[in-house]
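Subject: Structure for your study, with notes

Dear colleague,

Please find below the structure that I promised to hand over to you. My notes on what was found in it follow directly after.

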Amino acid sequence: MNGKKGSIEIDIPSATKANYKQPEAASGKKSGGGGGGDGAGSLISCNAWIRSVWEFAKEDSNRVTFSFKVGLAVLLVSLLILFRAPYEVFGTNIIWSILTVAIMFEYTVGATFNKGFNRALGSLLAGILAIGVAQLALCAGRVAEPIIIGISIFFVGTITSFMKLWPSLVPYEYGFRVILFTYCLIIVSGYRVGNPMRTSMDRLYSIAIGGVVAVLVNVLVFPIWAGEQLHKELVNNFNSVADSLEECVGKYLKDDDSEHPEFIKNVMDEFPDEPAYKKCKTTLNSSAKLENLANSAKWEPPHGRFRHFFYPWSEYVKVGAVLRYCAYEVMALHGVLHSEIQAPYNLRIAFQSEIQDATNQAAELLRSLGKDICNMKRSLKTSLLKRVHSSAERLQRAVDLHSYLLTGSEISSAMADNASKPLPNLTHTVSSTLHDINQPPFSSEFDSSNNCNEKNSNDQMLQTQNSTVGQAESYHELMRKQSRRLYSWPSREVDAFHEEDGALNMDLLPRMKALESTAALSLANFTSLLIEFVARLDHLVEAVDELSKLAKFKHEGLH
């Protein structure tokens, strides 16, 4: 480039030619040699997709059953079009049968009955209204007829859209939607065909045929009852809460000396090492599912184990609501388990027997209640409740008797006196601290003094400082070795606990005491949440007992 120093000469034409040839060769190699790799990748993705579909179907076999039932119902209705005789009777309006089956056919029998009722009533009201308005428009003459039809469509659309938003009419929202589109289709097509009566009757017949086929197939071919689904869902929720409670307390009382990931990472991953936690979270989110199943079960006739009319399905929703209040406490226990501030393992293990006993008794009561609902048996849980209350009272007494451990100022000394627990060697820590502090610059100040009385006074002051420093250092070592997560909160507070300019930073002693007290309160919070959980079990027992009375469970006798 003009021969200047530091310049580089670039031959543009040759570089362009080389670049034109090289991509072609590279693309040829990739296309020729990469075909097998793409085929293997697609085969692997196809296998993974098939495996996921298999697992999804295996998780609930009713999903496959429901799919086949829908296909069968649509096939039966389509035969009315495929065969000439039915088609000549109903004509093109028979297509409404297929639409009715596709819209009405729901997962459970109760939901199908509910939607069928809304569709039948909406179609009937829309047909009657369309016939009346059409006759009125015909009497008004050819000029006023489209005006009357247009105004009627506007009013029907406005009224039905407003009524389906009314709180008490929300369950019938689908019915108002059916009224709107059925009325519009019947009256507009009748206006063009010229015979609204015949059009509306043909479509009502077609809708009736599709509804009957959908109901018969859903009821007679491997029926999926909403009541049975609701029954199983509630029982599973009981077991999920019990498993999550035991899992949380077990991890809280376990000291595996392993590094724990950060809290934010745990929240994002939803604690993947705790499967019962996810089940408990599902229980908290099951409110809408239980309500939908209960609303669908109300439409079902007596079946299976639910053989009497007016079965109290709403009581299942009430029991589920009380169970969710108990699950809230379990989730709060999980929050304490994964919080940044943790009580030392020595302090947690001091109340291990009382916490474990209360947990075991509460979990046993939960599983017993779920088993009674599953077997539809009624039994008074007097003895179980007494054991649960006794275990909670023992835990409360233990906290009251050893409350000095939770005040913060006595934790270090109490732990140091307990030789049976895996505490660090606090004597060695204190002695090493004293040895370090006796080094200069403190010793030089004392050697420069010639007054014996003044030296003795300074020695006494130094011993007082040494005892204070020894307590702080012992607590510092205890927190570093025995409380993994406390050491990381806040790290700047603990790491700043060092000598500055040859002297110990004594301003941090009150702050370290505050951290100590906060860590102790973490255990108090955990025990109070567990006791609150036990207290809420009384309301759960009452709700289950009310359900067993209204549902007429078999009386098993006193326990």
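Does Glu 315 count as buried or exposed, and at what relative accessibility? Glu 315 counts as buried, since its relative accessibility is 10%, and the cut-off for a buried residue is under 20%. Please keep in mind that this is a predicted model. Glu 315 is found in helix H14, which covers residues 313-337. Leaving aside residues up to four places away in sequence, Glu 315 touches Glu 546, Leu 547 and Leu 550.

**The protein as a whole**

The protein has 559 residues, of which 39% are buried. Its secondary structure comprises 24 helices and four strands. Among the contacts with a separation of 6 or more, 81% are made by residues 24 or more positions apart.

An unreviewed UniProt entry lists "transmembrane region" for residues 64-83, 90-109, 121-140, 147-168, 174-193 and 205-226. Two of these spans may be set side by side. Residues 121-140 are 100% helix and 0% strand, with end C-alpha atoms 29 Å apart. Residues 90-109 are 60% helix and 0% strand, and their end C-alpha atoms lie 28 Å apart.

**The largest pocket**

The largest pocket holds about 840 Å³ of space. Its lining consists of 27 residues, and those nearest its centre are Thr 108, Lys 289, Asn 292, Leu 293 and Ser 296. Which helix gives the most to this lining? The answer is H13, with five residues. At least two lining residues each come from helix H3 (62-82), helix H6 (109-140), helix H8 (173-193), helix H10 (226-252) and H13.

Ala 297 also belongs to helix H13, which covers residues 287-297. With a relative accessible area of 1%, Ala 297 is buried. Its contacts, not counting residues up to four places away in sequence, are Ala 226, Gly 227 and Trp 313. Ala 297 and Thr 108 are 189 residues apart along the chain, and their C-alpha atoms are separated by 8.7 Å. Thr 108 is one of the residues nearest the centre of the largest pocket.

Helix H6 contains Lys 115. At 23% relative accessibility, Lys 115 counts as partly exposed, because that class lies between the limits of 20% and 50%. Lys 115 touches Ile 103, Met 104, Glu 106 and Tyr 174, again without counting residues up to four places away in sequence. Lys 115 and Tyr 174 are 59 residues apart in sequence, and their C-alpha atoms are 7.4 Å apart in space.

**Helix H24**

Ser 522 lies in helix H24, residues 508-550. With 8% relative accessibility, Ser 522 counts as buried. Not counting residues up to four places away in sequence, Ser 522 touches Tyr 252, Val 336, Ile 341, Gln 342 and Ala 343.

**Two loop residues with positive phi**

Most residues other than glycine have a negative phi. Phe 222 has a positive phi, near 45 degrees. Phe 222 sits in the loop between helix H9 (196-220) and H10, and at 63% relative accessibility it counts as exposed.

Phe 310 likewise has a positive phi, near 55 degrees. The loop between H13 and H14 holds Phe 310, which is exposed with a relative accessible area of 84%.

Yours sincerely

Note on methods. Residues are numbered from 1 along each chain as its sequence is written. This is a predicted model: local features need pLDDT of at least 70, side-chain atom pairs count only at pLDDT 80 or more; totals for chains, interfaces and linings use all residues. Side-chain values use heavy atoms; hydrogens and water are left out. Buried means under 20% relative accessible area, exposed over 50%, partly exposed in between (1.4 Å probe, protein chains only). Contact means heavy atoms within 4.5 Å. UniProt positions are given in the numbering used here, feature names are shortened, and annotations may be inferred rather than shown by experiment. On a 1 Å grid over the protein atoms alone, a cavity is a set of points where a 1.4 Å probe fits but cannot get out, and a pocket is an open set with protein on both sides within 12 Å along at least five of seven lines; lining residues have an atom within 4 Å of a point. Grid points are joined across faces, edges and corners, and a volume is the space filled by probe spheres set on the points.
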